[in-house]
Structures are given as C-alpha cells and as structure tokens.
Amino acid sequence: MASSQHLSLAGGAQGFNWLPVFVAEEHGIFAKHGLVIEYKKMGTVDKATTAVVEGEADLAITPPEGAVSNFVNGGELRVIASNSNRLPMSLVAQPSVKTIKDLKGKKVGTSSLTEGTAIYTQMLLSKEGLRYPGDYEFELAGIHTKRWEALQAGEIDCAPQPAPWNFLAEREGYNLIGEINDVIPEIVFAAVIGRKSWLDGNRDVVGRFLKALFEAYAITNDPSRDDITLPIFQRITTKDDTELASRGLQYMRDMGMWPGDLSLPQAAMNATVDLMIRANLLDEAARSSAAGVFERSFLQGAVGWLKYV
C-alpha cells in the first residue's frame, strides 16, 4: 500500500450527491489508496468554495459556479472532475393543481428569486406557455425542507423538490407535475474543485483521490451493491424511511446522476454557463472562456490508470 497522505475536502451540506464519497470512506477505498480524508462541512456552497480559495481546504465538492467566476476573473480555481451531472428534482404541487398550466395565477416556492430553482422552474413552466412575470409569482420559501413546510401550510401552490422528498410529497397526496430533468437534461450539479498551485504540487494525492472515486462510483451505480449504498443514502436523506430512500436512489441512478468516469460532458458545462448568464452571475462576453476552468489533465491521468485495473 502507498504511504498515507492527508487531504482536506470541503462541501456545503454534504448531501445526497456525496453518496460516492461516503461509499469510498466507509468501504475503505480511500484508505486502500493511502488517503486520510479530513471532511470540512462548511454549511453553504459559497463557504466551501471560499475554503479552497483561502487554503482552508485542499479540494471541495460543490457547484462549479464559484470556480467559473473565479477563473474568468483570473483566479486560481479549477474544476478537475464532475461529482454529478443531473438535477434530480420534480415540480411538486398542491392536490388541487393537476398540471403545469393550472399554475396560472399561483404562487411558486423557490430558494432564490433570481438563481437556481427560480430559473429551473421558469424554464419548465415556459414550455407550457406560462411566462414570468405575469402568469405566476415566486415566493422565497428557502431550502427543500422549508419548501415542504410551506407546501403543507398552504403558503405556496408548488415548489421544485429533490428526490426523495418529491416522492414523500407524492405519497402524502401532492402531485408531481413536471421534471426539471426534462428541460435541463445535463448540468454540472457539483464538481471537484481545487487551486491550480495546490493541484500542480500534489498530483499524486489528486490521482489517488480520483482513482478511489472511480471505484466508489462503480459501486454506487451498481444496483446489486445496494447493501452498501442504500444504508448510506438513507442516512443522508430520509433516515427513517427505507422505502423512500430506495426509490430516491433508484431515481437518481436511473437518470445518470453520478458519471462513472467523473467526466464533464460539454452539454453539461454549456448548461451551467447558460444558467450563470441567465442569473447575471457571468457576463455573456465570458461565455467562450468559461470552459477553460476545466483542467482535464488530472482526470485524463486517472482514466489512464483505470484502463489497467
């Protein structure tokens, strides 16, 4: 076994998209590759990105928008691999709302009025001819647990909800009237980011980390290994409900949530940049240069190792 190396890894909430990481940790895969991971749960994705910028963490698994902004402004942040390339999210509506068209004049709960869930929802509703502003209004309802509370209290008429909480709502009599994946089939939901100077100086550690993830992703994407993955997924989602956790895990796996080769498809990167421009997080003039944030050499080196396993 290679000598042990320490690596600090930051994240915001470290939720369901971290499933392969926890598989690697709890199944001894990081240890097999000589890695001791120090987990830094920062609370928000912005803080996870900042932790890498300021050297508090070596790497982070977090949405890539912060790294893209840093890169186009001349910063050191780079994306070296994908964590997940899908948005596992349904539009959940009150029992009286049967279709997207029924949302005319209704109130939609989101976590932001200008980014993320607000943009996803606008894209989904516009496919059915509903326009914003005018046909419906947004209510700032908070993260998915707060949106669920707002739905139950009747304060909002619908909200985008991730799995397995979408299935929890359906079981309680609410309607699933649309899938975000239908309008955004690929996006870099979260990525592995690091500082270029640290990455270049620690290629062996980065290579070990990516190789361990390859093994963990293979387990995560294999339904026959649910004896390993389901208990972990249940613990980080619906800890008291195995049925919901199982349904949520299958839903994410079937839509291709976790790319086995950790790759960032061009379509996923393009969608990420498009949404940043829509949210005024990135200037249109920076569109062509934004893709340069992806430093491919680390992943290419690890993929080369994979061919000989």
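Setting aside residues up to four places away in sequence, N85 touches P185, E186, I187, V188, F189, M257, P259, S263 and P265. This is a predicted model, and N85 is found there in the loop between strand 4 (77-84) and strand 5. Is N85 buried or exposed? Its relative accessible area is 2%, and the cut-off for buried is under 20%, so N85 counts as buried. The side chain of N85 also has a polar partner: it makes a polar contact with the side chain of S82, at 2.7 Å.

Strand 5 (residues 89-93) pairs with strand 8 in the antiparallel sense, over five bridges. One of the residues to look for is A93, whose bridge partner in strand 8 is C158.

Now turn to strand 8 itself, which spans residues 158-162 and is mostly covered, with five of its five residues buried. In a regular strand the side chains alternate between the two faces of the sheet. For strand 8, C158, P160 and P162 are on one side, while A159 and Q161 are on the other, and both faces are covered.

Our last stop is L199, which lies in helix 9 (residues 196-201). With a relative accessible area of 1%, L199 is buried. Which residues is L199 in contact with, leaving aside its neighbours within four places in sequence? They are L59, R78, I80, G194, V206 and F298.

Technical notes:
Residues are numbered from 1 along each chain as its sequence is written. This is a predicted model: local features need pLDDT of at least 70, side-chain atom pairs count only at pLDDT 80 or more; totals for chains, interfaces and linings use all residues. Side-chain values use heavy atoms; hydrogens and water are left out. Buried means under 20% relative accessible area, exposed over 50%, partly exposed in between (1.4 Å probe, protein chains only). Helices (H or I, at least four residues) and strands (E, at least two) are DSSP runs, numbered from the N terminus. Two strands pair if DSSP finds at least two bridges between them. A polar contact is a pair of N or O atoms within 3.5 Å; within protein, one must be able to donate a hydrogen and the other to accept it, and residues adjacent in sequence count only if both atoms are side-chain atoms. Contact means heavy atoms within 4.5 Å.
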